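Please open the model in your viewer and keep the sequence beside it, so that each selection can be made by residue number.

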Amino acid sequence: MNTWAIHFIKKVIFARKKIQMQDITKNNFDFIRVLLAFIVFLGHLGTLSASPDLKIFEHSPIEIAVFGFFAVSGFLIARSYDRSSSLKSYLKKRIKRIVPAYLLVIFLCAILLSLVSTYSFTEYFSNTQVYKYLFWNSLFLNFKAPWLPGVFGNQAVNGALWTLKIEMCYYFSVPLLFLLFGKNNKYRNISLVILYFLSLTYLNYFESLHKISLAKQLPGTLSYFIPGMLIYFNFDKFIKHKNILFIIALATVWIDLYLNIQLFSPMMIGVIVMYIAYSFKFLNNFGKYGDFTYGIYIFHFPIIRTFQTLGLFEDYNPFVMALVCMLVVIAVGISSWHLYEKRFL
């Protein structure tokens, strides 16, 4: 084969890879994360505000939104690891993305929420629970010390943070999953599907025993993470058949919800999320002003609880206060990104 032919073939291969790269990088993940965070915010608003008028938001599908986040993580974390030059580089990027803002919300809550505590400043900062809260939450073990003295009636300060522990577990699990079921493993897909059903077995078993906190630990939530990985490994096939897969996914999720079972719905939630990520091209530039979803997610819970503790939902029009609360959460999320988070990336 002459030099010109070889050069031409290389150009074709390069062009094809470039198109595939563009296909996978042009997506709506920024829009999806904002949408999912907004759904979680509304659900917690309905629950935490203690306002009868806002109870309509209690029906917001918080769990589906959280599981949607896990599916997105399965895809993006797999992609991040696959593109990293080394394990050290991968872990460095992932930890910088999640840990600084996480520690920020922990320490700000411990300090600023003293202003709404029923304890005096002296009583508050001399109480060992404050330092237990800082210690255990800094280690992502929120369940060991979820409350602060005299704050929110000694209830959980930030009930949204349990997912961050799971996210960290994903970060450390992906290198192992790649080692066992990576791209060079011809049994990769079937192995991940088996792991998916093992995860579902764990999830459904503990849910049947009404041990929800155990069901939502890593072995159970892997059933929502693995679909994202599978779609990443089979991206070209997914894009080719995404329309029919989307229709099948909608029908399957509806059937699972109707029968009150979790069999294929975790996999199908992943398909729905990824379909939205790679459709509707007009949403591609949604995140051009910054990635402030994480800030919205980690700060919204204590902000809603502070509004409720101050009686704002009770003393004023609850819908107006809900709007004000949402704007405060968005402002804090944007500030967290521009003033703090992106400095670490």
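Which residues are linked with R33 in a network of salt bridges? Select D30, R33, R97, D291 and E341, which together make up that network; a salt bridge here is a side-chain nitrogen of Lys or Arg within 4 Å of a carboxyl oxygen of Asp or Glu. Before going further, note that this is a predicted model, in which local features need pLDDT of at least 70 and side-chain atom pairs count only at pLDDT 80 or more, while totals for chains, interfaces and linings use all residues. Residues are numbered from 1 along each chain as its sequence is written, and side-chain values use heavy atoms, with hydrogens and water left out.

Now zoom in on R33 and D30, whose closest N and O atoms are 2.9 Å apart. Both belong to helix α2 (residues 29–48), and because they are 3 residues apart there, about one helical turn separates them; helices are DSSP runs of H or I with at least four residues, numbered from the N terminus.

Next, select K55 and E58, a salt bridge whose closest N and O atoms are 3.4 Å apart. K55 is partly exposed at 41% relative accessible area, and E58 is partly exposed at 34%.

Turn now to the rings. How many aromatic pairs are there? The count is 31, where rings of Phe, Tyr and Trp (its six-membered ring) pair if their centres lie within 6.5 Å, and planes under 30 degrees apart count as stacked, over 60 as edge-to-face and the rest as tilted. Select Y102 and F140, which are stacked, with 4.0 Å from centre to centre and 10° between the planes. Y102 lies in helix α4 (residues 87–112) and F140 in the loop between α6 (128–138) and α7 (162–181), 38 residues apart, and both are buried.

Finally, select W136 and K144: K144 lies over the face of W136, 4.9 Å from the ring centre (a charge sits over a ring if NZ of Lys or CZ of Arg is within 6 Å of the ring centre and within 35 degrees of the ring normal).

Conventions: Helices (H or I, at least four residues) and strands (E, at least two) are DSSP runs, numbered from the N terminus. Buried means under 20% relative accessible area, exposed over 50%, partly exposed in between (1.4 Å probe, protein chains only).
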